[in-house]
Amino acid sequence: MAAAESSFKIILGSSSMARQRILAEMGYEFTIMTADIDEKSIRKEKPEDLVTALAEAKAIAIMARLQHTDILKNVACPTLLITADTVVVYKGTIREKPCNKDEAREFIKGYSGGHAAVVGSVLVTNLNSGASKGGWESAEVYFHDIPNEVIDSLVKIH
């Protein structure tokens, strides 16, 4: 698909392949810039507060980095920064990205035949005006039994 001609530039503040694929499939050109933050140092009791705080922290970190680069120089159109975060809530516990393959396997095995909530947030910041707008959404996901071979292949992919 050809890139859409747009009157704005997009910086995706994420290394997520899924987020990159969404923008690419929509035909947008974008620059990827990740935030160098310690996500584990940001704690909130409610998952919606956590994902919102993490998306905001990522935006702040990237904006600080942009002040020391040439990315925004000679850009005549508005630039939008998109940051996001997602967590899973399983049996009342907030789960973030697994730390390793063993933890990933444990998480997936736990979901087998059960359910979990996925909570995600997105924050869009206009870097020219400083205005930002964000929100969060939650979805309940129900799983069939997941065979060990499927778990192994999922863990191997990542």
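Which exposed residues does the face of H3 turned away from its buried side carry? Select Asp-102 and Glu-106 and you have them. Keep in mind as you click around that this is a predicted model.

**Stop 1: helix H3**

Stay with H3, which covers residues 101–111. Now pick out its buried residues: Ala-104, Phe-107, Ile-108 and Tyr-111. Turn the view until you look down the axis of H3; the buried residues fall within an arc of 95°, so they line one face of the helix. Here's the background: an α-helix has 3.6 residues a turn, so residues three or four places apart point the same way.

What do the buried residues of H3 pack against? Colour E3, strand E4 (93–95), strand E5 (115–126) and H4, and you'll see the partners.

Next, check the ends. Asn-100 caps the N-terminal end of H3, with a side-chain oxygen 3.1 Å from the backbone nitrogen of Asp-102. After H3 comes Gly-113, which has a positive phi, near 70°.

**Stop 2: from H3 across to H4**

Select Arg-105 and Asp-152 and show their side chains: they meet in a salt bridge, 3.2 Å from N to O. Arg-105 sits in helix H3 and Asp-152 in helix H4, so this pair ties together parts that are 47 residues apart in sequence. Are these two buried or partly exposed? Arg-105 counts as partly exposed because its relative accessibility is 25%, and Asp-152, at 38%, counts as partly exposed too.

While you're here, select Val-150, which is also part of helix H4 (residues 148–157). Val-150 has 36% relative accessibility, so it counts as partly exposed.

**Stop 3: a charged network**

Opposite charges get a stop of their own: side chains of opposite charge can pair when their charged atoms come close. How many salt bridges are there? The count is 5.

Zoom in on Lys-58. One of its partners is Asp-85, at 2.8 Å from N to O. Lys-58 belongs to helix H2 and Asp-85 to strand E3 (residues 79–90), so their pairing ties together parts 27 residues apart in sequence. Both of these residues are buried; Lys-58 counts as buried because its relative accessibility is 8%.

Glu-39 is in the loop between strand E2 (31–32) and helix H2 (47–66), 19 residues from Lys-58. Show Glu-39, Lys-58 and Asp-85 together, and you're looking at a network of salt bridges.

Note on methods. Residues are numbered from 1 along each chain as its sequence is written. This is a predicted model: local features need pLDDT of at least 70, side-chain atom pairs count only at pLDDT 80 or more; totals for chains, interfaces and linings use all residues. Side-chain values use heavy atoms; hydrogens and water are left out. Helices (H or I, at least four residues) and strands (E, at least two) are DSSP runs, numbered from the N terminus. Buried means under 20% relative accessible area, exposed over 50%, partly exposed in between (1.4 Å probe, protein chains only). A salt bridge is a side-chain nitrogen of Lys or Arg within 4 Å of a carboxyl oxygen of Asp or Glu. The arc is that of the directions from the helix axis to the C-beta atoms. Contact means heavy atoms within 4.5 Å. A polar contact is a pair of N or O atoms within 3.5 Å; within protein, one must be able to donate a hydrogen and the other to accept it, and residues adjacent in sequence count only if both atoms are side-chain atoms.
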